[in-house]
Amino acid sequence: RQLAEMKLNITDVATKFSGTAEKSIFVMVLEVSSTEDRSAQALQEELAAKCGIPEVDITVQELETVEL
């Protein structure tokens, strides 16, 4: 819902669980498209502010698009 309010559309999702019983990590990679023009840095900051969970790391990278 938060992503939709930010005008982001999820186009792909990948998840991975790793680690041990004592120290585990869950990774979720979302590929999204935006209807608004904003930088990856601005999007990362906006997502981190909305998340509000210190244990969650958010990283945003811009994908190179290729015209076919």
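Me: Before we start, how are residues numbered, and which parts of the model count?
Reply: Numbering runs from 1 along each chain as its sequence is written, and side-chain values use heavy atoms, with hydrogens and water left out. The model is predicted: local features need pLDDT of at least 70, side-chain atom pairs count only at pLDDT 80 or more, and totals for chains, interfaces and linings use all residues.

Me: Which elements does the protein chain have, and in what order do they run from the N terminus?
Reply: Helices (H or I, at least four residues) and strands (E, at least two) are DSSP runs, numbered from the N terminus. Here you get two helices and two strands, in the order α-β-β-α.

Me: How many residues make up the largest nonpolar core?
Reply: In general, nonpolar side chains tend to be buried together in soluble globular proteins. A core is a set of buried Ala, Val, Leu, Ile, Met, Phe, Trp, Tyr and Cys residues joined through side-chain atoms within 4.5 Å; buried means under 20% relative accessible area, exposed over 50%, partly exposed in between (1.4 Å probe, protein chains only). The largest core here has six residues: Leu3, Met6, Leu8, Leu43, Leu47 and Val60. Of the chain's 68 residues, 9% count as buried.

Me: Which residues make the nonpolar surface patch?
Reply: Patches use residues with over 30% relative accessible area and no salt bridge, joining like charges within 9 Å and nonpolar side chains (Val, Leu, Ile, Met, Phe, Trp, Tyr) within 5 Å. Areas come from the Shrake-Rupley method with a 1.4 Å probe; for residues, only the protein chains shown count as cover. Ile10, Val13, Phe17, Phe26, Met28, Leu30 and Val32 make a patch of about 680 Å². Strand 1 (8–19) and strand 2 (24–34) each give two or more of these residues, and strand 2 gives the most, with four. Look at Phe17 in strand 1: its relative accessible area is 61%, so Phe17 counts as exposed.

Me: What about salt bridges: how many are there?
Reply: A salt bridge is a side-chain nitrogen of Lys or Arg within 4 Å of a carboxyl oxygen of Asp or Glu. The structure holds three. Arg1 meets Glu5 at 3.5 Å, N to O; Arg1 is exposed at 79%. Glu36 meets Arg38 at 2.7 Å, and Arg38 also pairs with Glu46, with the closest N and O atoms 3.9 Å apart. Shared partners join Glu36, Arg38 and Glu46 into one network.
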